[in-house]
Amino acid sequence: MLLKVTSIVIELWRRRQDSLKGIAPDLGKYVVEFAFGNIDSRKGLDLKQRQLVTNATLATQGGCEPQLNVHINAVLNVGLTPNEVIEAITHCVPSIGFPRVLNATLVAKQIFEERNLKVTN
């Protein structure tokens with residue numbers, strides 16, 4: 001399962017790395033080799049936990065909306081529900097503040113609309 005999800009994330013990343021062609025093509029290769037080859041292959045966390053941590057760290061950094069888009073798609077692909085995605089993002093408010101949580105929520109909203117997914121309140 002890790003290989004399947006990692007390959008999904010890699011494919012999503014490859015779609016986004018086109019902007020690096022002609023300026024820093026090796027950078028995209030390094031991301032795939034290190035992040036997905038070395039880090040994602042470690043034991044200790046399951047796929048849901050791994051992607052949940054990744055989403056939280058991207059939300060906390062701010063300015064990572066394109067990468068957050070890739071990883072919200074990935075976390076949905078490993079079985080988290082839209083409600084769980086929103087709850088995880090909302091849980092970050094006390095630590096990172098409203099602007100970053102709002103930005104992450106808007107990325108999730110766009111993805112849910114593209115995938116025809118609903119958050120049930």
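Predicted model: local features only at pLDDT ≥ 70, side-chain atom pairs only at ≥ 80, totals over all residues.
Select α3 first: its 15 residues should span 21 Å at 1.5 Å a residue, and the end C-alpha atoms are 21 Å apart, which agrees. Seen down the axis of α3, the buried residues fall within an arc of 165°, so they line one face of the helix. To show that face, select L47, R50, Q51, N55, L58 and A59, which are the buried residues of α3.

**The whole chain**

Now zoom out. The chain has seven helices and zero strands, so colouring by secondary structure gives the order α-α-α-α-α-α-α from the N terminus on. Of the 121 residues, 36% count as buried. Among contacts between residues at least 6 apart in sequence, 59% join residues at least 24 apart.

**N55**

Go back to α3 and pick N55, which is found in this helix. Is N55 buried or exposed? N55 has a relative accessible area of 9%, under the 20% cut-off, so it counts as buried. Which residues does N55 touch, leaving aside its neighbours within four places in sequence? Show L68, H71, I72 and V75: N55 is in contact with each of these. For orientation, α4 runs over 65–77.

**The largest pocket**

Next, display the pockets. The largest pocket has a volume of about 380 Å³. Its lining is made up of 15 residues. To centre the view, select A35, F36, D40, T54 and H71, the lining residues that lie nearest the centre of the pocket.

Which helices each supply at least two residues of this lining? They are α2 (25–39), α3 (47–61) and α4 (65–77). Of the contributors, α3 gives the most, with five residues. Colour the lining by residue type and it divides into nine nonpolar, four polar and two charged residues.

**α2**

The buried residues of α2 are G28, V32 and F36. They cover an arc of only 35° around the axis, which puts them on the same side of α2. F36 is also among the lining residues nearest the centre of the largest pocket.

**After α7**

Move to the end of the chain and select the segment after α7 (98–114), where N116 is found. What is phi of N116? It is near 55°, a positive value in a residue other than glycine. N116 is exposed, with a relative accessible area of 61%.

Stay in the segment after α7 and pick N121, which also lies there. N121 counts as exposed, at 96% relative accessibility. Finish by drawing a distance between the C-alpha atoms of N121 and N83. These two residues are 38 residues apart along the chain, and their C-alpha atoms are separated by 8.0 Å.

Note on methods:
Residues numbered from 1 in each chain as written. Heavy atoms only, no water. 1 Å grid on protein atoms, 1.4 Å probe; cavity = no way out; pocket = protein on both sides within 12 Å on 5 of 7 lines; lining within 4 Å. Points joined across faces, edges and corners; volume = space filled by probe spheres on them. Helix = DSSP H or I, 4+ residues; strand = E, 2+ residues; numbered from the N terminus. Nonpolar A, V, L, I, M, F, W, Y, C, P; charged D, E, K, R; others polar. Buried < 20%, exposed > 50% of the residue type's maximum accessible area, 1.4 Å probe, protein only. Arc of directions from axis to C-beta. Contact = heavy atoms within 4.5 Å. Expected span 1.5 Å × (residues − 1).
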